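Thanks for making the time this morning.

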Number of protein chains: 2
Amino acid sequence: MTRYSKQTRILVAVDCIIFGFDGELLKLLLIQRGFEPEKNKWSLMGGFIEPNEGPEEAASRILKQLTGLEGVYMEQMDVFGEPKRDPIERTISITYFAFIDINKYEQQLSEEYHAEWFPLKKTPKLIFDHEAMVEMAKEKLKYKAALHPILFELLPEKFTIPQIQTLYENVYDTILDKRNFSRKLLSTGLLIRQNEKDKENSKKGAYFYRLDSSIYKDKFQAFLNFIPNPQALNS
Amino acid sequence: MTRYSKQTRILVAVDCIIFGFDGELLKLLLIQRGFEPEKNKWSLMGGFIEPNEGPEEAASRILKQLTGLEGVYMEQMDVFGEPKRDPIERTISITYFAFIDINKYEQQLSEEYHAEWFPLKKTPKLIFDHEAMVEMAKEKLKYKAALHPILFELLPEKFTIPQIQTLYENVYDTILDKRNFSRKLLSTGLLIRQNEKDKENSKKGAYFYRLDSSIYKDKFQAFLNFIPNPQALNS
DNA sequence: ATATTAAGTGTTTTGTTGACGCTTATAAAT
DNA sequence: ATTTATAAGCGTCAACAAAACACTTAATAT
C-alpha cells in the first residue's frame, strides 16, 4: 500500500498577516496579487505549500520573499477551509501572523510584489476571505499582547518607553496612563536602560531601552494583566 | 483557467483530541485504528476532509461518528504538516480539541471503533505524531482554562462546586484551597444554585449548580486569573 | 530670561488575592 | 440515643497589586 486511495487531495496554501509599526501607527503589509484570478487586487502574502516543506517552512519562505527577513516572530493562526473560498479550485489556507521590525524591511525586494504598508484602520478591500483573516489577526493580536510581551517584536532593538506605549495604544485603540504604564513595564524586569536618549521626538529626550534577552523567554509566559480592562478582549 | 496548474495537492485530515471528565479523572477518548498502516494501534479519532465540507464540519462529523454527540464545544488547535508525518503519503492534519460531557457519551456507537477512555496520565503509545498532538492539547487546555470558563463544557448540566474543583485540580495537577476556589467561582456570577443537593459524594451533600447561560457568553472573555500561579502555564 | 513640550518619578486609595479557622449537615458507629 | 467522622460551606485578615492623580525635570525655541 503506497497511497490512501479514494481520498480527495486538496491544494494547501499559507497566508501571512504581517504587522509592522513605524513609531506612530500599526500597519499591515499587503501585496498586489500577481496572477489570476483577482490579479492586481490587494491581498495577503501567500503561496502554496511545496512538496517537501512543512507549513511553517512555507510561511517563512514566503515571508522572506516579501521582506527579505529571516528569524521573524511568527505564529500559526487559523485554518480557513471553506470549500468555496477560492473560486478557481478548492484551496485550504493555513494563516500565520508575523511581526517584523519595519525598519529592517527591505523595500527593494518588495517592488517585485508591489507591496505596501497600510495603517490598520485604512486597509483596502482584499481578495477572497483575506479580510476575515485580518480581522481575526487583529483580535488575536489584542488577546495575545495582553498576556505576553510579543509587541516588542515590532520594535527596533533600541526603543523608548513612549514609543512602546504608543504601540500599545494603537493595538488597543485607547489611551494609557504613562505613569502606570511605565511602572508596569519596568516592573517586568525585561528592559535594560541604555545611556543614550532618543532626541527625535522630544526636547528632553527619552531613554533608549533594549530587551533583556536572557529573561525574555522566561517572562514570556508570565506577562499577564498588561492591559487594564480585560473586558475589551475577544477570542 | 479552472485550476492552479503545477501545484501539488495534498491529503488533508482532521484529528480530534477529545476530553472527558468522569467526576474523578480527566480522560482522553482514543480508538484503535481500523486500517493500515498501524492497524489496531491506539490513535486519535480522525479522518480525511471530504470534497464539500470545511475542516470544522469534518471534525464535527467525525466527533459525531465516535460519540453520537452534536453541538459539542470544539476548538481548532494546530496544523501538523511535517512532510513525513504519515509514512504512506503526505497528509496534513488539522487538529481540534473537544470537550464532551462524558455522561452523554453513547457507548454503543463506540464499539464500532473500539474506543476507550484513558486517564490523561495513563495514555498508551499512539501512532504517528498523535502523542505530540495530545501534549499540545494538554498545554492548550491549561492555558485556556486559566483564562476562560471552558471546563464547564466537561461537566453535566448540574454539577457541584467540589466536582468542578476536582476538575481544576486534575487539569493543573495541583491542590486548590476550597474556600478561595468557591469564592472566586461564585464571584463570576456564572453559577445559579439549585435547591437539590448531590448526596452521592458526601454525607452533608453539596448543592447543585447550573450555568447561567444568559451571561456565560459575555463572561467568557473576562474569566481571567482563575488559577493562582500563572507561571505554571505554557504556550 | 522665559515659555513650551514631553519625559520621568512619587503617593494615596481601592480592590483583589491568598492564607487560614470555624461551623454545619448527615451518615455511620457505638 | 449519643458520639464520631467526613466533607460542605461561610468568614476574616493581611499583603499585595492596580488605578487615579500631581508635580518636577531637561532641553529647545522664543
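Let me begin with DNA strand D, which in this predicted model is surrounded by 19 residues, the closest being Arg179(A), Lys178(B), Arg179(B), Lys204(B) and Tyr207(B). Of the atoms of DNA strand D that come within 4 Å of the protein, 43% belong to sugar and phosphate. If we sort the surface near DNA strand D by class, we find twelve charged residues, three polar ones and four nonpolar ones. At least two residues of that surface come from each of α5 (178-187) of chain A, α5 (178-187) of chain B and β10 (206-211) of chain B, and α5(A) gives the most, with four residues.

Gly205(B) takes part through its backbone, where a polar atom is 3.4 Å from a sugar or linking oxygen of DNA strand D.

Which residues have the most contacts inside the largest nonpolar core? They are Ile18(A) and Ile18(B), in a core of 52 residues. In chain A and in chain B, the elements β1 (9-21), β2 (26-32), α1 (55-67) and β6 (91-99) each supply at least two residues of this core. Apart from that core lies another, of 43 residues, which includes Leu28(A), Leu176(A), Phe181(A) and Phe220(A). Leaving aside residues up to four places away in sequence, Ile18(A) touches, among others, Leu28(A), Leu63(A), Ala98(A) and Trp117(A).

Finally, I would like to look at helix α4 of chain A, residues 161-172. Is α4(A) largely enclosed or open? Nine of its twelve residues are buried, so the helix is largely enclosed by the rest of the structure; the buried set includes Ile161(A), Ile164(A), Leu167(A) and Val171(A), but also Gln163(A), Gln165(A) and Glu169(A). At the start of α4(A), a side-chain oxygen of Thr160(A) comes within 3.2 Å of the backbone nitrogen of Gln163(A), and just after the helix Asp173(A) takes a positive phi of about 50°.

Notes. Residues are numbered from 1 along each chain as its sequence is written. Chains are lettered from A and ligands numbered from 1 in the order in which they are written. This is a predicted model: local features need pLDDT of at least 70, side-chain atom pairs count only at pLDDT 80 or more; totals for chains, interfaces and linings use all residues. Side-chain values use heavy atoms; hydrogens and water are left out. A nonpolar core is a set of buried Ala, Val, Leu, Ile, Met, Phe, Trp, Tyr and Cys residues joined through side-chain atoms within 4.5 Å. Buried means under 20% relative accessible area, exposed over 50%, partly exposed in between (1.4 Å probe, protein chains only). Contact means heavy atoms within 4.5 Å. A residue is near a molecule or strand if one of its heavy atoms lies within 4 Å of it. A polar contact is a pair of N or O atoms within 3.5 Å; within protein, one must be able to donate a hydrogen and the other to accept it, and residues adjacent in sequence count only if both atoms are side-chain atoms. Ala, Val, Leu, Ile, Met, Phe, Trp, Tyr, Cys and Pro count as nonpolar, Asp, Glu, Lys and Arg as charged, and the others, Gly among them, as polar.
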